[in-house]
Structure formats: structure tokens, C-alpha cells
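Please open the model in a viewer and keep the selection panel at hand.

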Amino acid sequence: EPQNLTSLRVFVKDKLSGQMVDLFEACQQQTSDLDRKEACRARLQVDIQKQFPESRLYLTGSSMSGLGCRSSDADLCLVVTGNVTFSRHYVILTIKIQLIKAKVPILKFKERGSFLEFDLNVNNTVGIRNTFLLRTYAYADVRVRPLILVVKKWARHHQINDASKGTLSSYTLVLMILHYLQTLEQPVLPSFQQTHPECFDPLMDIDEVPDGPKHVRPFTSTNQSSLGELLLGFLRYYATRFSWDKQVISVRQATVLPKTNSKEWRNKFICVEEPFEGNNVARAVHEKIKFDAIKKCFSESYRMLNDRKDLVSILALRAII
Ligand code: ATP
Ligand code: MG
């Protein structure tokens with residue numbers, strides 16, 4: 001990682017970029033945070049395997065993709081093979097956890113006596129595949145991780161980062177950022193599903209998925225934009241260029257696709273294709289009022305940041321760090 005930070009300096013020549021790096025360094029997930037999540041995962045797996053010897057528990061999401069903050073939850077995927085029905089009560093009793101109200105079909109719990117939260121799903125293995133795809137993008141260029149962390153903090157600050165409230169999930173936001181970086185005149189990222197299909201084969205054995213990214217070399221981009229320029233460009237793209245009503249975001253193909261009349265895209269405000277399964281990851285945005293609020297965030301933040309080139313104009317930095 002120190003190597004990474006050295007090369008990041010090339011892209012930090014202006015005040016805005018400097019603020020972004022400071023925020024990234026203050027908020028990014030620490031090794032100790034990951035160690036703690038991994039220890040919990042291992043302990044849980046031991047308990048669950050007493051009942052389901054064939055099962056495996058995977059840490060997924062931002063904890064594993066390199067896109068996590070210190071405050072990020074730990075996403076878990078339990079892979080159970082064979083014909084077993086998995087009772088929620090069984091998990092709750094066995095590992096003595098406290099349940100938190102969840103709006104989506106996952107088990108949400110926290111570690112007793114701490115703030116560390118978990119989201120556990122069963123057999124939703126696409127989450128394992130896409131986590132390692134995102135990890136490859138995260139480490140392909142030194143600018144990707146700081147840019148994504150700042151955009152996540154921006155979206156959270158403006159209350160447009162909560163799928164359970166009809167706005168954007170972090171996963172959707174990340175795909176929107178990757179799409180922007182893939183479609184620049186001088187792309188910062190390629191489509192790794194196109195350049196390395198063998199590493200992201202949707203039929204690959206799930207045990208082998210975490211090793212996929214090891215075979216991908218960092219991408220060398222001719223784009224020399226600073227971090228601040230990329231942040232402003234991201235806001236500008238969604239404020240002025242992207243056509244919400246005619247275009248579908250495809251990270252898999254590194255392009256926009258026309259919005260067809262198929263069930264997946266019809267009457268949807270925002271269309272972002274899941275890279276492996278092709279469904280719309282932004283379907284939580286189903287109210288016009290929320291969609292308008294999201295668009296307004298992009299256009300107003302673009303205007304403010306373009307005027308002042310200061311992160312404070314779009315984010316309350318003191319409250320975050
Ligand atoms: P945060 O740091 O805010 O927790 P995150 O990267 O963990 O961000 P989430 O939106 O919490 O993002 O999603 C966690 C993981 O769940 C994603 O990395 C992805 O693997 C998976 N996931 C989330 N939404 C979908 C979806 N609609 N389809 C497939 N996989 C999804
Ligand atoms: Mg998460």
C-alpha cells in the first residue's frame with residue numbers, strides 16, 4: 001500500500017484532490033477492521049458447520065473489495081449445498097447475536113457489545129463473484145478507491161445512499177462510478193469481464209472466485225486526470241450527459257446500452273445492469289420524488305464543486321473525519 005500512495009501523488013496536484021486523499025486516508029477500512037470481521041466470520045463458520053458440515057461462509061461486499069470505510073458493515077454469504085432448509089432461528093440461537101430490523105431478505109445482526117454490523121444472505125453467490133470483480137477494478141488504478149470512497153461519503157451526506165429508503169445502494173453507486181471511468185474519452189478502466197473473461201467466468205467454481213483477481217495486472221491508462229477532476233467529471237456526467245430515460249449502464253460491456261422495453265428496464269427510473277446476472281441493481285429507486293432528489297443532488301453538487309473546487313462545498317468534512 002505505501003507504493004500505491006506514492007503513485008497516487010501524481011494525481012494530487014490541486015487542493016480538491018488533496019482533500020479527497022485526506023478523506024480517503026481518514027476513512028478507509030483499516031487492516032485491524034478487516035481482521036476483526038474475518039475473525040467473526042471464522043467463528044460463525046465453525047458454529048454453522050456443526051450443523052451443516054458442507055457449508056462455507058464468505059466475507060463479501062466492501063470489506064473484501066477494497067472499497068470499505070471504517071464504518072462499513074460486514075456482508076456475509078453463507079453457501080449451503082445440498083437440500084437443507086436454513087432456519088433463521090437456528091442462527092440466532094446458536095451464535096447469540098442481536099437481531100436488527102431488516103427490510104431486505106437477509107439476516108442482519110450485530111456483534112454483541114460492539115457496533116460491528118453484519119448482513120448475511122444464504123446462497124446468493126453472485127455477491128461473491130461481483131465482490132471480486134469490484135476488487136479488481138478497485139486496485140486497477142490508484143485513483144479508483146479514493147474516488148469511490150469520496151462519492152460514497154457524498155451520497156450518504158445527501159441521503160441518497162440507502163436502497164431500503166428508495167435511493168441508491170452502495171453497490172449501484174460503485175457501478176455508476178466504474179461506468180463513468182470506463183467511458184471517458186481516455187478510459188481509466190477497461191471492462192475486465194471482456195479483457196479477462198477466464199477470471200470472471202460466471203460458471204467458475206465458487207471456491208476459486210477469490211483467486212480470480214490475482215491473474216489480472218493493473219490497467220495502464222493514458223488518462224492523467226487528477227482525483228478532483230475525476231470527481232467533478234463524475235458529477236458532470238450524471239448531471240449533464242447521461243440520459244436516464246434512454247440509457248442502461250453496463251459495466252460488463254463498458255458502455256451504455258439502449259433502454260429497451262423489456263421487463264427489466266421498462267418504467268424504471270434508473271437502469272444499472274448487474275454484471276453477472278443482467279438484472280437492474282437500481283430497482284429500489286421506484287418513486288419519482290426520490291429519483292428527482294437524486295438528479296438534483298448531481299446537478300447542484302456539480303454546480304457548487306465547479307464554482308469552488310473545494311470538497312467542503314458538497315460535503316460536511318468535519319462531521320465525517
Ligand atoms: P458499504 O461499504 O456501504 O457497505 P458495499 O460495497 O458493501 O458498501 P452494499 O450495497 O452494502 O455495498 O452491497 C454489498 C455487496 O452485496 C456488494 O458488494 C455486492 O457484492 C452485493 N450486492 C448488493 N446489491 C446487489 C445486487 N442488487 N445484486 C447483486 N449483488 C448485490
Ligand atoms: Mg456493505
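How many helices and strands does the secondary structure of the protein chain come to? The count is 12 helices and 7 strands, where helices (H or I, at least four residues) and strands (E, at least two) are DSSP runs numbered from the N terminus. This is a predicted model, in which local features need pLDDT of at least 70 and side-chain atom pairs count only at pLDDT 80 or more, while totals for chains, interfaces and linings use all residues. Residues are numbered from 1 along each chain as its sequence is written, and chains are lettered from A and ligands numbered from 1 in the order in which they are written.

**The whole chain.** Select the protein chain. Of its 321 residues, 38% are buried; a residue is buried if 20 or more other C-beta atoms lie within 10 Å of its own, exposed if 12 or fewer, and partly exposed in between, with C-beta atoms placed from the backbone. Two residues are in contact if their C-beta atoms, placed from the backbone, lie within 7 Å. Among contacts between residues at least 6 apart in sequence, 64% join residues at least 24 apart.

**Ligand 1.** Select ligand 1 next. It is surrounded by 20 residues, the closest being Gly 61, Ser 62, Ser 72, Ser 170 and Tyr 171; a residue is near a molecule if its C-beta atom, placed from the backbone, lies within 6 Å of it. By class, this shell has 6 nonpolar, 11 polar and 3 charged residues. Here Ala, Val, Leu, Ile, Met, Phe, Trp, Tyr, Cys and Pro count as nonpolar, Asp, Glu, Lys and Arg as charged, and the others, Gly among them, as polar. Which helices each supply at least two residues of the shell? They are H4 (62-65), H6 (126-138) and H8 (170-182), and the largest share, 5 residues, comes from H6.

**Helix H6.** Select H6. Its 13 residues reach 18 Å from first C-alpha to last, close to the 18 Å expected at 1.5 Å a residue; the expected span is 1.5 Å times one less than the number of residues. In H6, 10 of the 13 residues are buried, including Arg 129, Phe 132 and Tyr 137. The cover over the buried residues of H6 includes S1, H4, S2, H7, H8 and helix H9 (192-195).

**Strands S1 and S2.** Select residues 56-60 for S1 and 74-79 for S2. These strands pair in the antiparallel sense over 5 bridges, a pair requiring at least two bridges found by DSSP. Leu 59 stands opposite Leu 76 in S2. Because 4 of its 5 residues are buried, S1 is largely enclosed by the rest of the structure. Val 79, in S2, is partly exposed, with 17 other C-beta atoms within 10 Å. Beyond its neighbours within four places in sequence, Val 79 is in contact with residues including Tyr 58, Asn 123 and Ile 206.

Select residues 144-157 for H7, which has 14 residues and reaches 20 Å. H7 is largely enclosed by the rest of the structure, because 12 of its 14 residues are buried; among them are Arg 145, Lys 152 and Trp 154. H7 is followed by Gln 159, whose phi is positive, near 55 degrees. Finally, select Ser 169, in the loop between H7 and H8. Is Ser 169 buried or partly exposed? With 18 other C-beta atoms within 10 Å, Ser 169 is partly exposed. Apart from neighbours within four places in sequence, Ser 169 is in contact with Ala 163, Val 281 and Ala 284.
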